[in-house]
Amino acid sequence: MNIPELLKELHFKATRSSGAGGQHVNKVSSKIELSFDILNSKILSENQKEILYTKLASRLTKEQVLILFSDETRSQHRNKELAIKRFLYIIKEGLKKPKIRRATKPSRNSVLRKHENKKRQAFKKSLRKKPDLES
């Protein structure tokens, strides 16, 4: 995946951030809104778009746009860096192929150990029973 080309497809919007900052917060737009249109991306293949669409379905808008916000710092540039970093992480994780699970059998020793443990436990519990006085 060509990251610099992918970053060119991102759209940024700066808005006023909430939180501490006094009078300065009312003048500066430090909150960053990153948006990425998955379906209209020229960098991603159709297969990659489909994978991301299914994996990120809960994070997409009705128009199939991924939107991320960053207002962690007072700096617009730092928030932009954080948003890009988070975006790249989400895309990389979304495109990762899960490992194929291979069914395995328990080892012979582990099966024997389990049976021995069960016998020991059963014997311990049998000692807690009331004695049978009839025999």
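Residue K49 lies in helix α2 of a predicted model, where helices (H or I, at least four residues) and strands (E, at least two) are DSSP runs numbered from the N terminus. At 8% relative accessibility, K49 counts as buried, a term that stands for under 20% relative accessible area, whereas exposed stands for over 50% and partly exposed for the range in between (1.4 Å probe, protein chains only). When residues up to four places away in sequence are not counted, K49 touches I38, L39, N40, S41 and L44, a contact being defined by heavy atoms within 4.5 Å. Residues are numbered from 1 along each chain as its sequence is written, and side-chain values use heavy atoms, with hydrogens and water left out. Because the model is predicted, local features need pLDDT of at least 70 and side-chain atom pairs count only at pLDDT 80 or more, while totals for chains, interfaces and linings use all residues.

Residue Q64 is placed in the loop between α2 (46–55) and β3 (65–70), and with a relative accessible area of 18% Q64 is buried. Its contacts, again without residues up to four places away in sequence, are F36, D37, I38, L39 and Y53. The side chain of Q64 also reaches the backbone oxygen of K62 at 3.1 Å; a polar contact of this kind is a pair of N or O atoms within 3.5 Å, of which, within protein, one must be able to donate a hydrogen and the other to accept it, and residues adjacent in sequence count only if both atoms are side-chain atoms. The C-alpha atoms of Q64 and V111, which are 47 residues apart along the chain, are separated by 51 Å.

Strand β2 (residues 31–37) contains S35, which is buried at a relative accessible area of 16%. Apart from neighbours within four places in sequence, S35 is in contact with E9, L10, H11, V65, L66 and I67. The strand as a whole is mostly covered, with 5 of the 7 residues of β2 buried. Two strands are taken to pair if DSSP finds at least two bridges between them; on this basis, strand β1 (residues 11–15) and β2 pair in the antiparallel sense over 5 bridges, and S35 in β2 is the bridge partner of H11. An antiparallel pairing also joins β2 and β3, over 6 bridges, and here E33 stands opposite F69 in β3.

The protein has 4 helices and 3 strands, which follow the pattern α-β-β-α-β-α-α along the sequence. The radius of gyration of the protein is 29 Å, well over the 14 Å that the globule rule gives for 135 residues, so the protein is more spread out than a compact globule; this radius is taken over C-alpha atoms, and the rule is 2.2 Å times the number of residues to the power 0.38. Along the principal axes, the C-alpha atoms fill a box of roughly 90 × 45 × 25 Å. Of the 135 residues, 23% count as buried.

As for confidence, pLDDT is the predictor's confidence in each residue, from 0 to 100. The protein averages a pLDDT of 86, and 93% of the residues score at least 70. Among the elements, helix α1 (residues 3–8) has the lowest mean pLDDT (83) and helix α4 (residues 108–126) the highest (96). Where pLDDT is low, the predicted coordinates should not be read in detail.
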